[in-house]
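I set out to record what I looked up in this structure, entry by entry. The sequence and model come first.

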Amino acid sequence: MGATSALLALAAVGCSAADPSDDFSDEPLGTDAQEVRAGTPGGGVGTVEIGGCTGTLIGVHMILTAAHCFDDDLGSALSGTVFTKVSYAHAGGTWSCMTGPPANAKCDMDRGVFVHRYQQGWDAKYDLAVVFTNQMADSFRNVTASDAADGFYTGSLSPAEPYRLYGRGYNHPDGTGNGVMRYMDDSLNWVGERHFVTDAGYDRVCSGDSGSPYFLRDAGGPTKWTFGIHSNRDDSGDACADEGDKFRGMRLTPFRASQINDYRADRGLPSCVHPSSSSPDFWVCQ
């Protein structure tokens, strides 16, 4: 994004209307196996299934996901060991267990991972969790750096920023195709300092998409740079958002990057860094 367009985007954010989702309560997307509906099968971009949620592998040592995914496991605690299944999506239905065998399928048993998170609950402004292996400075199993997302982006966003959202889901309201990683393309409706709002089309978001990554998407297509984490939606009373319902994501910002690096330091890992001095809004991690 050029300097002029970046300034225009920032100006637009500064002058934007109030959060259009303020009239609905924070409703967790939940951890049931009911997810992105009618999305296109895909993977190989760092997306993972973690417990009943979705996350993003950044480097080979950590996963970004939503803090509220661990409310049941951690209670009010903001860090600790959680026993769960963590599986990498090579393609829509092709998986590897990231905590041990099997290498060619989803995990068949819960194993310990270590979670740092910013909050208990599902306020979209603070819904960040960073997941590591249970061993200090260890890497996840059955994945390589080329399997991970390129990194994360903390720069300005247009109020109508195009994105690609991944989630472990099904392609029909009756649940057929459950357990397949899928994606949908759309654009944001509103951008705030810490979170953003978008709405649901037919490829809508359902329970289980908590923690899903929003990837930047430009004229050249989708990238492997994530700028946000899926958090919560309008409480329509259904497992899926209704068409036109609003849902929120947490922005990855420079302050969030500093938190991520603090969590990494606690686990004996090097900080995420900028790939070059000319890319101060992008972060890569070992």
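**Entry 1: terms and ground rules.** I began with the naming of elements: helices (H or I, at least four residues) and strands (E, at least two) are DSSP runs, numbered from the N terminus. I noted that this is a predicted model, in which local features need pLDDT of at least 70 and side-chain atom pairs count only at pLDDT 80 or more, while totals for chains, interfaces and linings use all residues. Residues are numbered from 1 along each chain as its sequence is written, and side-chain values use heavy atoms, with hydrogens and water left out.

**Entry 2: Thr226.** I looked up Thr226 and found it in strand S17 (residues 221-233). Is Thr226 buried or exposed? Its relative accessible area is 2%, and since buried means under 20%, exposed over 50% and partly exposed in between (1.4 Å probe, protein chains only), Thr226 counts as buried. I then listed its contacts (heavy atoms within 4.5 Å). Leaving aside neighbours within four places in sequence, Thr226 touches Ile58, Gly151, Phe152, Tyr153, Pro213, Tyr214, Phe215 and Leu252. A polar atom of the Thr226 side chain also lies 3.0 Å from the backbone oxygen of Tyr214.

**Entry 3: salt bridges.** I used the rule that a salt bridge is a side-chain nitrogen of Lys or Arg within 4 Å of a carboxyl oxygen of Asp or Glu. How many salt bridges does this rule give? The count is 6.

I examined Asp71 and Arg117, whose closest N and O atoms are 2.5 Å apart. This pair links distant parts of the chain, with Asp71 in helix H2 (residues 71-74) and Arg117 in strand S9 (residues 111-117), 46 residues apart. Asp71 is buried at 16% relative accessible area, and Arg117 is buried at 2%.

Next I found Asp110 and Lys85 joined by a salt bridge at 3.0 Å, N to O. Asp110 lies in the loop between strand S8 (95-97) and S9, and Lys85 in the loop between strand S6 (79-84) and strand S7 (86-89), so the pair ties together parts 25 residues apart in sequence. Asp110 is partly exposed at 39%, and Lys85 is partly exposed at 33%.

I also recorded a salt bridge between Arg141 and Asp138 (3.1 Å, N to O). Arg141 is partly exposed, at 37%. Salt bridges with shared partners join Arg164, Asp185 and Arg217 into one network.

**Entry 4: helix H3.** The buried residues in H3 include Arg256, Ala257, Ile260 and Tyr263. Among the elements that cover the buried residues of H3 are strand S10 (129-133) and strand S18 (246-251). Just after H3, Gly268 takes a positive phi of about 75°.

**Entry 5: nonpolar cores.** I defined a nonpolar core as a set of buried Ala, Val, Leu, Ile, Met, Phe, Trp, Tyr and Cys residues joined through side-chain atoms within 4.5 Å. The largest such core has 46 residues, and Phe152 and Ile260 are among those with the most contacts inside it. S10 gives the largest share of this core, 4 residues. Leaving aside neighbours within four places in sequence, Ile260 is in contact with Met62, Leu64, Leu128, Val130, Phe152, Leu252 and Cys272. I noted a second, separate core of 13 residues, including Leu188, Phe196, Tyr214 and Leu216.

Conventions. Polar contact = N/O pair within 3.5 Å; in protein donor to acceptor, adjacent residues only side chain to side chain.
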